[in-house]
Amino acid sequence: FADLVHLDDRSIRALLKEISNDELILALKTAADDLSDKIFGNVSQRAAEMMKEDMEVMGPVKLRDVEQAQLNIVKAARRLEEEGKIVLGGKGGEEVLV
């Protein structure tokens with residue numbers, strides 16, 4: 001899940017269209033700041049503020065629920081890659097896109 005930080009902005013936006021806000025908020029509960037910042041940078045400022053508020057009022061959640069949400073997002077990313085809609089890094093070296 002943490003590797004999603006390496007996606008370009010277009011790929012992040014494509015991924016965000018495929019997942020629910022509730023699942024994203026849950027998955028971001030334990031995410032690193034750089035990944036959270038990347039996600040929030042690819043939504044409107046208002047949407048980012050609402051998501052941050054939702055995360056604050058969510059309260060404690062089970063770690064396995066967070067991990068399941070993260071797994072679901074990774075599955076969505078892999079499906080988008082198979083469909084050719086996004087490019088995931090880390091598959092046998094750096095590919096140069098031109």
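Is glutamate 83 buried or exposed, or does it count as partly exposed? With a relative accessible area of 43%, glutamate 83 is partly exposed. Buried means under 20% relative accessible area, exposed means over 50%, and partly exposed lies in between (1.4 Å probe, protein chains only).

This is a predicted model, in which local features need pLDDT of at least 70, side-chain atom pairs count only at pLDDT 80 or more, and totals for chains, interfaces and linings use all residues. Residues are numbered from 1 along each chain as its sequence is written, and side-chain values use heavy atoms, with hydrogens and water left out.

Start with the overall layout. The protein has five helices and zero strands. Along the sequence the pattern reads α-α-α-α-α. Helices (H or I, at least four residues) and strands (E, at least two) are DSSP runs, numbered from the N terminus. The protein has 98 residues, and 34% of them count as buried. Contact means heavy atoms within 4.5 Å. Among contacts between residues at least 6 apart in sequence, 76% join residues at least 24 apart.

Now go inside. The largest nonpolar core has 27 residues. Such a core is a set of buried Ala, Val, Leu, Ile, Met, Phe, Trp, Tyr and Cys residues joined through side-chain atoms within 4.5 Å. The residues with the most contacts inside this core are Leu4, Leu15, Leu24, Leu28, Ile39, Met51 and Ile73. Two or more core residues come from each of helix 1 (9-18), helix 2 (21-27), helix 3 (33-40), helix 4 (45-58) and helix 5 (63-82). Helix 5 gives the largest share, six residues. Take leucine 24 as an example. Setting aside neighbours within four places in sequence, leucine 24 touches Leu16, Ile19, Ile39, Met51 and Ile73.

Next, look at one helix pair. Two packed helices are described by the angle between their axes and the distance between the axes. Helix 1 and helix 5 pack at about 120 degrees, with axes 10 Å apart. Here axes are lines fitted to C-alpha atoms, for helices over the stretch in contact, and angles run from 0 to 180 degrees between N-to-C directions. On the helix 1 side, Ala14, Leu15 and Glu18 take part. They meet Ile73, Ala76, Ala77, Arg79 and Leu80 in helix 5. The residues of this contact divide into six nonpolar, no polar and two charged. In this count Ala, Val, Leu, Ile, Met, Phe, Trp, Tyr, Cys and Pro are nonpolar, Asp, Glu, Lys and Arg are charged, and the others, Gly among them, are polar.

Charge pairs come next. Side chains of opposite charge can pair when their charged atoms come close. The structure holds four salt bridges. A salt bridge is a side-chain nitrogen of Lys or Arg within 4 Å of a carboxyl oxygen of Asp or Glu.

Lysine 38 lies in helix 3 and aspartate 9 in helix 1, so the pair ties together parts 29 residues apart in sequence. Lysine 38 is partly exposed at 21%, and aspartate 9 is partly exposed at 38%.

Another joins arginine 79 and glutamate 18, with the closest N and O atoms 3.2 Å apart. This pair links helix 5 to helix 1, across 61 residues. Arginine 79 is partly exposed at 34%, and glutamate 18 is partly exposed at 36%.

Return to glutamate 83. Its side chain meets that of lysine 85 in a salt bridge (3.3 Å, N to O). Lysine 85 is partly exposed, at 45%. Glu18, Arg79, Glu83 and Lys85 are linked in a network of salt bridges.
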